[in-house]
Amino acid sequence: MAVIAVSLAGRPYNVRVQRGLLGDIAQACGPRLRKAVVPIVTDANVHAAWGAAVEASLLAAGKQPAWRVLSPGEKTKSWESLSALVDWLLELEVERGDHIIALGGGVIGDLTGFAASILKRGCNFIQVPTTLLAQVDSSVGGKTAINTAAGKNLVGAFHQPSLVLADPDALDTLPPREVRAGYAEVVKYGLLGDAAFFDWCEANGPALLAGDAQARETAIAASVEAKARVVAEDERETTGARALLNLGHTFGHALEAQTGFSDRLLHGEGVAMGMVLAARYSARRGLMAAAEADRISAHFAATDLPHRLSALGLNCAGETLVQHMLHDKKMDAGTLPFVLMRGIGSAFLAKDVELADVARFLDAELAV
Ligand SMILES: NC(=O)c1ccc[n+]([C@@H]2O[C@H](COP(=O)([O-])OP(=O)(O)OC[C@H]3O[C@@H](n4cnc5c(N)ncnc54)[C@H](O)[C@@H]3O)[C@@H](O)[C@H]2O)c1
Ligand SMILES: O=C(O)C(=O)C[C@@H](O)[C@H](O)[C@H](O)COP(=O)(O)O
Ligand SMILES: [Zn+2]
């Protein structure tokens, strides 16, 4: 069990990592659930797996869950879902001081957090992440968003939850492919700033993916601690510190867009591929030893995550991927800063990257 504080001036909150939390959710939320009716947003898979346990806990505490069960998948992060969700919350007469519960993966957390941010100019919400990705990354830090036709997370807000409840047992029902996708974001913390944690991933990643409870808890707590530190330093991604959490994402989001935000490539899979590309591009520019980039690629090969661009079957040119990148939120006065690496554990923001060079690099990667 771990409790990690996200230290934001005036709005600190805790992330509780504890087995069995889902069956004890009413207790864990405590007086935050101040009314008899508790709005819970989830998706159909999560509801089928964990709805009964959550409902039993609430009923035992004299609460009545009001369920909003959405379609699983990235396409649910849309204007349509947002609009319908906000209308539903208004019908429920949710007040600013109430807490909306987001029970699910990053899709549910991002959408519900965004709805909470705009409802009555800002309502409380509690993140109850049920995927590895959401437990190690998306439930913490307050980035909320939907996708639009132009790209990924292009409409959203910074809106922090008031509590995060991460139950590692929730991962028992998560499909292995989703566990692997979430694991990519775990590895990210090692690559961006903690070489020893990457060593830990190499040694323990396979056990984690095989279901080792101790490895999971260790990875979740270490990841949340790393993210909480960065978020406390640069909540709104203004100083450059938080931008490092975007390692692999400029490439990854372009790949997600090119594959139509579909099951062809999950977010975490795109990030794994994107981190390999960031490493290989860093090596190409002489910033990082090629052997280090190969080591990253080998770890994703060993954990069955994407590591070769040509294997994705994209059937497009590098320039097409670069066009997607032009929508990246890091774009600044016509230039796009890239998170590159000087080595494993040493990511930095490079502001001198030429997109034409990135397109040539991607053409070469698409060809091997
Ligand atoms: N806000 C952030 O800081 C941040 C960080 C990383 C990723 N994200 C976003 O998160 C999203 C990806 O999140 P995700 O990988 O959690 O995907 P997801 O929310 O789509 O969940 C993955 C799949 O697992 C199912 N599922 C969830 N929990 C389950 C459980 N316990 N048992 C069985 N099935 C379960 C879901 O129904 C879905 O089919 C992307 O949109 C990404 O952009 C946001
Ligand atoms: O919390 C952050 O900051 C991150 O960048 C975490 C990422 O894993 C996450 O996918 C985030 O949503 C990407 O942010 P974006 O600003 O590029 O949409
Ligand atoms: Zn991500």
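User: Which domains does the domain assignment of the chain give?

Analyst: Welcome! This is a predicted model, in which local features need pLDDT of at least 70, side-chain atom pairs count only at pLDDT 80 or more, and totals for chains, interfaces and linings use all residues. Residues are numbered from 1 along each chain as its sequence is written, while chains are lettered from A and ligands numbered from 1 in the order in which they are written. Domain bounds come from an automatic or database domain assignment, and here they give domain 1 (2-173) and domain 2 (185-367).

User: How many residues of domain 1 are in contact with domain 2?

Analyst: Two residues are in contact if their C-beta atoms, placed from the backbone, lie within 7 Å. The domain centres, taken over C-alpha atoms, are separated by 26 Å. On the domain 2 side 25 residues take part, and on the domain 1 side the number is 26.

User: Which residues come nearest to ligand 1?

Analyst: Helices are DSSP runs (H or I, at least four residues), numbered from the N terminus. Helix 2 (44-60) and helix 4 (106-118) are among those that each supply at least two residues of the shell around ligand 1. Of the 31 residues around this ligand, the nearest are Asn45, Pro72, Gly105, Gly106 and Ser138.

User: Is helix 9 largely enclosed or open, and why?

Analyst: A residue is buried if 20 or more other C-beta atoms lie within 10 Å of its own, exposed if 12 or fewer, and partly exposed in between, with C-beta atoms placed from the backbone. The buried residues of helix 9 include His249, Phe251 and Leu255. Nine of the ten residues of helix 9 (residues 249-258) are buried, so the rest of the structure leaves this helix largely enclosed.

User: At what angle do helix 6 and helix 10 pack?

Analyst: Axes are lines fitted to C-alpha atoms, for helices over the stretch in contact, and angles run from 0 to 180 degrees between N-to-C directions. The axes of helix 6 and helix 10 are 7 Å apart, and the packing angle is about 35°.

Methods. Near = placed C-beta within 6 Å.
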